[in-house]
Amino acid sequence: MENKAEINLARKGIEKLIAYVPGKPVEEVAREYGITEIVKLASNENPLGTSPKALAAMQQILPSVYMYPEGSSPALRERIAANYGIESDMVIFGNGADNILLLIAQAFINEGDEVIIGDPTFSVYETTTRIMGGRVLKVPLKNFTYDLAGIKGKISEKTKIIYICNPNNPTGTIVYQDEVAEFMASVPENCIVVFDEAYAEFAQKTNFPQTIQLVKEQRNVLIVRTFSKVYGLAGVRVGYAVGPKHLLGVLNKVVEPFPVNKVAQAGALGALEDQEFLDEVMRVTEVGKKYLYQEFTKMKMTYAPTFTNFVLVDFKRDAEVITKKLLERGIIIRPGQIWQLPTCARITIGTMAQNEKLIAALKEIIKE
Ligand SMILES: Cc1ncc(COP(=O)(O)O)c(C=O)c1O
């Protein structure tokens with residue numbers, strides 16, 4: 001009865017939406033399986049925790065949390081703007097990149113507008129579009145990678161936003177500078193391209209697209225970034241968008257008054273000072289990646305070479321079954337059913353001890 005009332009009251013288009021299913025939380029697995037030692041490799045969190053400088057900054061700010069934060073995160077905006085060599089009103093902060101993605105949809109998508117995304121990709125582009133009554137066109141990945149030519153072929157006068165998840169979640173693959181330059185030459189004026197670069201820090205040693213140049217050229221481009229991954233601040237929620245003033249002005253009309261709390265702002269500022277932590281995160285990720293590649297190959301499993309802190313691996317057998325058996329051993333991963341990849345799973349690269357625990361468990365399971 002209760003459900004029926006909910007369906008009738010929901011805005012058009014929302015009845016059919018499926019609620020986001022996050023990676024299983026550690027607490028839930030502990031309760032369900034009665035295990036205390038749990039390794040979570042399901043949500044691409046930082047296995048090294050949080051930057052010590054961020055932690056210190058957050059502890060220091062705690063006595064003043066009875067006051068509202070500065071709504072626009074001015075100190076953070078200044079810092080990010082300086083890093084990019086742009087003005088601070090070309091940056092907007094939100095309660096995680098998820099919040100920024102919702103803001104973008106609220107600000108720009110009219111009912112009936114078309115949005116183009118890769119498939120599979122991060123689910124939030126589709127959800128936020130459908131919340132606003134937009135229509136989602138999906139272009140299958142090619143070789144686990146965003147197919148920019150395929151996307152180009154779907155652009156019409158109805159296209160409002162194109163989302164490019166770069167590196168892509170869940171595959172970890174990237175599109176490169178030259179491909180993006182060629183693609184952007186064919187994107188019409190009235191269409192916005194959102195580059196979701198949540199994992200970009202992990203891909204910097206490549207010919208990664210310099211999307212900031214497009215922003216500086218006043219193209220209709222928004223770059224989305226987060227402090228959740230490489231900076232280890234997923235729990236306090238800080239993300240941002242960078243774009244030309246004509247787009248940022250629209251986002252500023254929609255943003256809530258205090259989207260980023262005081263603790264999160266302090267933590268993000270602290271993290272930006274902590275190059276040592278960042279270097280260590282990169283080192284651990286690289287070492288872990290090589291180890292996982294090597295062990296997957298030994299087990300005759302294949303993987304998409306990744307530019308992130310996670311790997312999409314093909315177990316060549318039912319990934320739901322393996323995921324359940326790993327859960328029984330206290331290891332949480334993300335099976336690929338949700339992306340129509342039933343034999344694959346997305347696994348966060350952990351510390352060496354965590355990676356070794358995963359591989360030992362996988363070896364045991366495939367022997368059974
Ligand atoms: C591609 C991508 N974009 C955005 C987000 C959201 O990040 P945040 O934690 O800042 O909301 C994630 C989180 O997993 C992601 O994978």
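This is a predicted model: local features need pLDDT of at least 70, side-chain atom pairs count only at pLDDT 80 or more; totals for chains, interfaces and linings use all residues.

Here is a short tour of a sheet, the cysteines and a cavity.

One thing to pick out is an open sheet of 4 strands, lined up in the order β9-β10-β13-β12, with antiparallel pairing. At the edges sit β9 (302-304) and β12 (334-335), each of which pairs on one side only. As background, strands of a sheet pair through backbone hydrogen bonds.

For instance, threonine 302 has aspartate 314 in β10 as its bridge partner.

How many disulfides does the structure hold? The count is 0. Take cysteine 165: its closest cysteine sulfur belongs to cysteine 344 and is 17 Å away, so that is too far for a bond. A disulfide needs the two sulfur atoms within 2.5 Å.

Are these two cysteines buried or exposed? Cysteine 165 is buried, with a relative accessible area of 3%, and cysteine 344 counts as buried too, at 5% relative accessibility.

## A cavity and its lining

There is 1 cavity of 30 Å³ or more, and the largest cavity holds about 30 Å³ of space. Which residues line the largest cavity? They are Phe202, Met282, Thr285, Glu286, Lys289, Phe307 and Thr308.

How values were computed:
Residues are numbered from 1 along each chain as its sequence is written. Side-chain values use heavy atoms; hydrogens and water are left out. Two strands pair if DSSP finds at least two bridges between them. Helices (H or I, at least four residues) and strands (E, at least two) are DSSP runs, numbered from the N terminus. Buried means under 20% relative accessible area, exposed over 50%, partly exposed in between (1.4 Å probe, protein chains only). On a 1 Å grid over the protein atoms alone, a cavity is a set of points where a 1.4 Å probe fits but cannot get out, and a pocket is an open set with protein on both sides within 12 Å along at least five of seven lines; lining residues have an atom within 4 Å of a point. Grid points are joined across faces, edges and corners, and a volume is the space filled by probe spheres set on the points.
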